[in-house]
Amino acid sequence: MTAEAIDFARTIPVLPSPDIKASRDFYRDRLGFEVIQPEMDDYLIVRRGEMEIHFWYTADRALPEVSSCYIRGGEVPALHAEFSQRGVEKLSPFTVRPWNMKEFYVHDPHGNLLRFGCAPEEV
């Protein structure tokens with residue numbers, strides 16, 4: 001079996017959202033993700049290239065404020081440039097952190113933290 005034929009396992013974050021429609025709008029309209037059908041009132045799937053994030057509905061507005069995911073890879077520098085151009089709010093600078101990863105952060109409207117990073121040599 002060739003590597004192309006293998007369906008590798010992958011990790012997909014599942015984040016809380018107190019407003020699925022607002023999450024959909026932010027990820028689609030501000031960050032350029034595609035909404036994966038079917039759309040539901042209590043669950044959302046968005047995808048952009050190989051990045052996929054799921055959201056589940058919660059009435060607890062505090063949960064997103066303590067939730068996050070990390071997205072790593074070589075396209076991270078281009079994402080920061082695009083998000084800057086789009087005027088994404090709560091976009092941090094793209095900088096090398098003490099743990100030697102070049103990273104930037106985005107908070108979604110509910111407080112979920114998206115951390116994007118790559119090795120400095122990938123820039």
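With which side chain does the side chain of E52 make a polar contact at 2.7 Å? The partner is the side chain of H54. The legends below start from this pair.

This is a predicted model, in which local features need pLDDT of at least 70 and side-chain atom pairs count only at pLDDT 80 or more, while totals for chains, interfaces and linings use all residues. Residues are numbered from 1 along each chain as its sequence is written, and side-chain values use heavy atoms, with hydrogens and water left out.

**View 1. E52 and its polar partners.**
E52 sits in strand 4. Helices (H or I, at least four residues) and strands (E, at least two) are DSSP runs, numbered from the N terminus. Besides H54 at 2.7 Å, the E52 side chain makes a polar contact with the side chain of R47, at 2.8 Å. A polar contact is a pair of N or O atoms within 3.5 Å; within protein, one must be able to donate a hydrogen and the other to accept it, and residues adjacent in sequence count only if both atoms are side-chain atoms. E52 counts as buried because its relative accessibility is 15%. Buried means under 20% relative accessible area, exposed over 50%, and partly exposed in between (1.4 Å probe, protein chains only). Leaving out residues up to four places away in sequence, E52 touches I12, P13, I45, V46 and R47. Contact here means heavy atoms within 4.5 Å.

**View 2. Helix 1 and its buried side.**
Helix 1 spans residues 20-30, and its buried residues are I20, S23, R24, F26 and Y27. They lie on the same side of helix 1, because they cover an arc of only 170° around the axis. The arc is that of the directions from the helix axis to the C-beta atoms. Strand 1 (14-17), strand 2 (34-35), strand 3, strand 4, strand 7 and strand 8 are among the elements covering these residues. At the start of helix 1, a side-chain oxygen of D19 comes to within 3.2 Å of the backbone nitrogen of K21. Just after helix 1, G32 has a positive phi of about 80°.

Helix 2 covers residues 76-86, with V76, L79, H80 and F83 buried. Their arc is only 100° around the axis, which puts them on the same side of helix 2. They pack against strand 3 (43-48), strand 4 (51-57), strand 5 (68-72), strand 7 (102-107) and strand 8 (113-118). Exposed A78 and Q85 are on the face turned away from the buried side.

**View 3. Aromatic rings.**
There are seven aromatic pairs. Rings of Phe, Tyr and Trp (its six-membered ring) pair if their centres lie within 6.5 Å; planes under 30 degrees apart count as stacked, over 60 as edge-to-face and the rest as tilted. Y27 and F33 are edge-to-face because their ring planes are at 75°, with centres 5.8 Å apart. F83 and F116 also have centres 5.8 Å apart and planes at 75°, so this pair is edge-to-face. F83 is in helix 2 and F116 in strand 8, so the pair ties together parts 33 residues apart in sequence. Both F83 and F116 are buried. One aromatic cluster is formed by F26, Y27, F33 and F55.

I53 is in strand 4 and counts as buried, at 1% relative accessibility. Its C-alpha atom is 9.6 Å from that of T11, 42 residues apart along the chain. The largest nonpolar core has 24 residues, of which Y27, I53, L114 and F116 touch the most other members. Helix 1, strand 3, strand 4, strand 5, helix 2, strand 7 and strand 8 each give two or more residues to this core. A nonpolar core is a set of buried Ala, Val, Leu, Ile, Met, Phe, Trp, Tyr and Cys residues joined through side-chain atoms within 4.5 Å.

**View 4. Backbone in the loops.**
Most residues other than glycine have a negative phi, and most peptide bonds are trans. Q37 and P38 are joined by a cis peptide bond, with omega about 0°. P38 is in the loop between strand 2 and strand 3. K90 is not a glycine, yet has a positive phi of about 60°. K90 lies in the loop between helix 2 and strand 6 (95-96) and is exposed, with a relative accessible area of 56%.
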